[in-house]
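Please read them with the structure open.

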Amino acid sequence: MSLVNGKVAIITGAGANIGEACAKMLAAQGAKVVVADINVGGAERVAGEIVASGGTAFAHAVNLGDEASIVALVAAVMERYGRIDILHNNAANTGAAQMTRDGALTAMEAEVWDAAFDINTRGTMLMTKHVAPHMMAGGGGAIINTSSGVSILGDVLNPAYSASKAAVNALTRNTATQFGRDNIRCNAILPGLVLSPVARAQMTEAQLAMIQRHVLLPRESVANDIAGAVLWLASDHGSFVTGQIISVDGGICHHQPHYADMMDMMAAANAA
């Protein structure tokens, strides 16, 4: 059974990583996918691979920092398909130039803070602003926002990113509340560390091992873990789920802080 057969889905940041996995999974389940990304080359590659495998997709450039670009994207989708059923607000400003400057608050440059909110929060709001009226006209739809596990936790790095994603959580609940009677559902997915090729390349084995000690499940997260949750929320199987902030992180955000140390102590005791 195709879970989203015939539905039109826009996915931002779909030219690589989580967005790519979501685009391909929704297309495999029958959706007509709009692969939207500021990285046009990546978007065209993903759309081409979807079409080559028998799916329906087209690529379109979008700059979430530019409202006119968002308006143009939505207009192009409506011209081609005449409706929008699914919006996955996935894109975020996670480039190395941004994330390496997102550190100590005492040294935080206002432009770094603003850049995080400009794309991660304002961009999500603007996509919702321009897509929701078309969903309302079409009888409803599903909006899925990619937030982050760090939106509900404190950390020593990336406070701008974390705060911008916490704002996405609040925006998710407000969107669900404002548009619920129009049959528009809105939920947020909170990934943990998803080991895309880019993420893996940026981390040492010691860093990966440190994080994995705190994941409850015995494996690392991959992009398809997030795509599966997005597919469920976009489909009729999630038709009575809205306003939810859903962690898809292997349980890393949901245990006692001393979990990993306790597991090590128990293992040492059993070995003795």
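1. A salt bridge here is a side-chain nitrogen of Lys or Arg within 4 Å of a carboxyl oxygen of Asp or Glu. The model is a predicted one, in which local features need pLDDT of at least 70 and side-chain atom pairs count only at pLDDT 80 or more, while totals for chains, interfaces and linings use all residues. Residues are numbered from 1 along each chain as its sequence is written, and side-chain values use heavy atoms, with hydrogens and water left out.

2. Under that salt-bridge rule the count comes to 13. One of them pairs glutamate 20 with arginine 45, where the closest N and O atoms are 2.9 Å apart. Glutamate 20 belongs to helix H1 (residues 17-28) and arginine 45 to helix H2 (residues 40-52), so this pair ties together parts that are 25 residues apart in sequence. Helices (H or I, at least four residues) and strands (E, at least two) are DSSP runs, numbered from the N terminus.

3. How accessible are the two partners? Glutamate 20 counts as buried at 15% relative accessibility, whereas arginine 45 is partly exposed at 35%. The cut-offs are under 20% relative accessible area for buried and over 50% for exposed, with partly exposed in between (1.4 Å probe, protein chains only).

4. Arginine 45 also forms a salt bridge with glutamate 49, with 3.3 Å between the closest N and O atoms. Both residues lie in helix H2, four residues apart, which is about one turn of the helix. Glutamate 49 is partly exposed, its relative accessible area being 36%.

5. A further salt bridge joins lysine 129 and glutamate 67, whose closest N and O atoms are 2.8 Å apart. Lysine 129 sits in helix H5 (residues 110-137) and glutamate 67 in helix H3 (residues 67-81), so the pair ties together parts that are 62 residues apart in sequence. Lysine 129 is partly exposed at 45% relative accessible area, and glutamate 67 is partly exposed at 26%. Elsewhere, salt bridges that share partners join Glu20, Lys24, Arg45 and Glu49 into one network.

6. Aspartate 249 deserves a look. It is placed in the loop between strand E7 (245-248) and helix H10 (259-271).

7. Setting aside neighbours within four places in sequence, aspartate 249 is in contact (heavy atoms within 4.5 Å) with Leu190, Pro191, Gly192, Val215 and His254.

8. Glycine 250 is in the loop between E7 and H10 and counts as partly exposed at 25% relative accessibility. Apart from neighbours within four places in sequence, glycine 250 is in contact with Val215, Leu216 and Leu217. Its C-alpha atom is separated by 21 Å from that of valine 156, which is 94 residues away along the chain.

9. Two asparagines have backbone angles to check. Most residues other than glycine have a negative phi. Asparagine 158, although not a glycine, has a positive phi of about 60 degrees; it lies in the loop between strand E5 (141-146) and helix H6 (159-179) and is partly exposed at 21% relative accessible area. Asparagine 183 has a positive phi of about 65 degrees. It is found in the loop between H6 and strand E6 (184-191), and it is partly exposed at 48% relative accessibility.

10. Lastly, the surface. Met262, Met263, Met265 and Met266 make a nonpolar patch of about 400 Å². Patches are made of residues with over 30% relative accessible area and no salt bridge: like charges are joined within 9 Å, nonpolar side chains (Val, Leu, Ile, Met, Phe, Trp, Tyr) within 5 Å. Methionine 266 is in helix H10 and is partly exposed, with a relative accessible area of 44%.

Conventions
Areas by Shrake-Rupley, 256 points an atom, 1.4 Å probe, with all protein chains shown as cover.
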